[in-house]
Each structure stands twice: as C-alpha cells, then as structure tokens.
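Dear colleague,

Please find the structure below, handed over for your records. My notes on its strands and helices follow.

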Amino acid sequence: MQIWVVLEGDDHGLRESSREILTAAGTVTGGVLAVAILLAPNKEDLVKEIMEFGPQTIYLTDEWPQSATGEDFAEFLGELIERESPGLVLAAETLFGRGLLTKTALRYRMPFFPDCISISLGQESLLFEHLCYGERLSAFLTSAPKRPVLATWRVGLVNVKKRSGLNSNVQKLHTPSQRSNLIRFLEEIKADPRTVDLSEAEVIVAGGGGMGSAAGFQLIYELAELIGAAVGGSKLARDNGWIPLTRQIGQTGKLVAPSVIISCGISGATQHTFGMRDAKKIIAINKDKNAPIFKIADAGIVGDVQEVLPELIKRIWEGKENAKPMGA
Ligand SMILES: Cc1cc2nc3c(=O)[nH]c(=O)nc-3n(C[C@H](O)[C@H](O)[C@H](O)COP(=O)(O)OP(=O)(O)OC[C@H]3O[C@@H](n4cnc5c(N)ncnc54)[C@H](O)[C@@H]3O)c2cc1C
C-alpha cells in the first residue's frame with residue numbers, strides 16, 4: 001500500500017499539522033511512507049525537515065503563479081494521483097487540506113474520508129475512524145476496494161516523531177502552464193481583519209476570562225481595531241457571551257495560525273492553546289506570573305489587563321500621531 005501525504009509549509013517551516021500527518025502516515029502501514037508532496041519549490045530547510053520523517057520520495061513543484069487557484073492545485077494533484085495510483089492520499093484536516101482533497105475527490109470521482117481520527121489497515125481495505133453524533137460515537141468506515149482513496153486526518157491527535165538514517169529521493173514536478181477555467185483570478189482583495197475567518201487571520205487579539213466583563217472586553221475590540229487585527233477569545237469569553245462561537249479558539253473552536261497573537265487575560269489551558277499551536281509569535285498579558293500561557297509565550301507582560309491594555313492603546317495612538325507626515 002503506497003501512502004502519499006500532501007504537506008503545507010512556508011518560509012517559517014513546515015506546518016505542525018503537516019509534521020503530524022507525516023508521523024501519522026507511518027503508523028498506517030507500519031512505517032512505510034512512499035511520497036510526500038509539497039506544492040512549493042525547493043526550499044532547503046523545508047526539504048531537510050521532510051526528510052527527517054523518512055518518505056521514500058519527495059515531490060516538489062515549480063513556483064505557482066499568484067493567480068493559481070484551489071482548482072489548479074486540485075487538477076494538478078488529481079492528475080498525478082490518476083497517473084501513479086497510490087493506495088491512500090492523506091492531508092491534514094486544515095482549511096487547505098480539506099479544500100484541496102474535496103475538490104480533487106469531486107473532480108476525479110475518488111472516495112474521500114474527511115476528518116479521520118485514525119486510519120488502519122483492515123483485512124482487505126482501509127478502515128477510517130470518524131466521530132459522529134456530536135462526537136459521542138465512533139464510526140468505522142471502509143471504502144469499496146477501489147483505489148486511490150483520499151482522507152484528511154484531524155489535527156492535534158498525533159505526537160510528532162521523526163525518524164533518522166533515511167534518505168529520500170527528491171523529484172521536481174512542473175506545474176501546468178494552463179490554468180483551470182472553472183475559476184478565474186481577478187484581483188486580490190485584502191480581507192477585513194474584523195470579519196476575516198479567524199483561521200486565516202494574520203494578527204489576532206484574543207481575550208479570556210481575565211477581561212472581567214463585556215465592558216472590559218471592549219478593550220480587546222479597541223486594540224484589534226487599532227492594529228488591524230482579528231478578535232478571538234477563549235471558551236470562557238464565549239460562554240460569557242463576549243464573542244460568538246466563530247471567534248472561540250481551541251479544541252472545540254477554531255484552529256488559528258497567525259503571525260502574531262496577543263492573548264489577554266487567558267490562562268493558557270491546553271484545550272485553548274491547542275487551537276493556537278501554529279501561531280508564530282505569542283504575546284501574553286496576564287496578572288498571574290505563573291499562568292501556563294507564559295510557558296508558550298514568546299513575550300509576556302505580567303500585569304492587569306485593565307491597566308496594561310489602555311496604556312498600550314495610548315502608546316500606539318501616540319506612535320501613529322508621531323508617524324504622521326509633516327503638515328498632515
Ligand atoms: C472538552 C473541553 C473542551 C474545551 N474546549 C475549549 C476551547 O476550544 N477553547 C478554550 O478556550 N477553552 C476550552 N475549554 C475550556 C478550558 O479548559 C478553560 O476552561 C478555558 O480555556 C479557560 O478560559 P480562560 O483562560 O479565558 O479563563 P480562566 O481560566 O478564568 O483564566 C483567566 C486568566 O486571566 C487571568 N486574569 C484574571 N484577571 C486578570 C486581569 N485583570 N488582568 C490580567 N489577567 C487576568 C488569570 O490569572 C487567569 O490566568 C474546554 C474544556 C473542555 C473540558
């Protein structure tokens with residue numbers, strides 16, 4: 001059984017979710033991972049890291065033009081799969097992974113099992129475990145013995161494990177010169193940070209129980225507006241009605257991957273931090289110097305949010321005023 005995994009990475013490295021599926025894929029067949037695909041050109045550090053998981057082959061592509069759409073990626077992947085017919089193609093259950101495999105499955109009429117929590121090799125075919133009925137029941141699904149099968153693996157369930165002493169063969173694939181005509185790229189419009197889907201936000205200001213009240217939580221909105229960030233929060237903030245469910249970060253909320261997240265009055269419970277594992281920089285403000293959030297923060301301020309945030313907002317305003325061009 002040949003297993004392929006489709007990875008996500010950028011200049012900062014591989015996504016944590018991609019490290020997880022590289023590890024998970026190895027568990028399905030007792031260690032053999034045939035191909036890792038990165039829809040990006042050769043970036044030395046990325047390739048070095050992928051090799052540490054021991055895929056036999058790594059496929060890289062040329063640089064994709066800015067106008068490439070999800071349809072183009074799906075068409076490229078679908079044709080590659082049809083040509084080489086692997087047994088299973090895996091991606092992480094992320095916005096990108098789910099979107100790509102859904103499009104590929106629909107377009108190329110391939111069976112697709114989204115959001116699996118485990119995949120194992122049964123007697124004749126693969127078994128896909130999927131939670132249903134509000135996650136109270138496990139369903140074990142199996143596909144007709146048709147190949148290839150696509151699946152996404154839920155993020156956060158696997159402890160990343162690298163392997164050593166393995167060499168991968170790196171192959172470069174050319175991206176198609178013709179673009180899909182189903183969707184046409186017209187222009188890129190920057191998303192409004194106040195309404196952007198949290199999982200796509202570049203900068204997030206998040207508030208938790210430490211904000212004290214709905215009125216106190218307004219400081220989060222004020223800071224976010226000032227720096228063009230999206231607003232998020234903990235489950236407690238949601239339970240208190242300060243944010244809607246779509247703004248809750250964590251295990252039962254959104255998975256976010258911003259460049260910067262400013263966590264204010266959030267303790268750092270694992271169910272919450274699970275949702276922000278892919279954040280590149282974490283700045284925490286909490287009055288308790290022993291709060292768990294400081295263990296994962298890149299920078300921290302020990303203090304009362306009702307004092308720190310107004311001061312921070314004031315200083316940013318002052319900075320903006322001073323940065324105004326002469327005569328403005
Ligand atoms: C099955 C399950 C799923 C869950 N899913 C999620 C989830 O998806 N997302 C999530 O967030 N939680 C989730 N939780 C809840 C989680 O365990 C925590 O209870 C929750 O994250 C706590 O939110 P909090 O840190 O905002 O509040 P608290 O635990 O109340 O922490 C408040 C923090 O603010 C600090 N503070 C208080 N006052 C101030 C002040 N004036 N200035 C500065 N700091 C102050 C305190 O020191 C404390 O650290 C889940 C729990 C379970 C059991």
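Please note that the model is a predicted one. On another side of the pairing, Ala284 in strand 16 stands opposite Ser263. Strand 16 (residues 281–286) is joined to strand 15 (residues 260–264) by 5 bridges in the parallel sense. Strand 16 and strand 17 (residues 299–302) also run parallel, with 4 bridges between them.

I turn next to an open sheet of 7 strands, which is paired in parallel and has the order 7-11-6-1-4-5-12. The edges are taken by strand 7 (112–116) and strand 12 (169–173); each has a single partner strand, so one side of each lacks a neighbour in the sheet. From one strand to the next, the twist averages 20°.

Within this sheet, 4 bridges link strand 1 (residues 3–7) to strand 4 (residues 35–38) in the parallel sense. Leu7 has Leu38 of strand 4 opposite.

Two helices are to be mentioned here. Helix 2 (residues 44–51) packs on the sheet and touches strand 1, strand 4, strand 5 (57–61) and strand 12. The direction of helix 2 makes about 155° with that of strand 5. Helix 3 (residues 70–84) lies across strand 1, strand 4, strand 5, strand 6 (88–92), strand 11 (149–153) and strand 12. Helix 3 runs at about 165° to strand 1.

With kind regards

Key: Residues numbered from 1 in each chain as written. Predicted model: local features only at pLDDT ≥ 70, side-chain atom pairs only at ≥ 80, totals over all residues. Heavy atoms only, no water. Pairing = 2+ DSSP bridges. Axes fitted to C-alpha atoms, helices over the stretch in contact; angles between N-to-C directions. Contact = heavy atoms within 4.5 Å.
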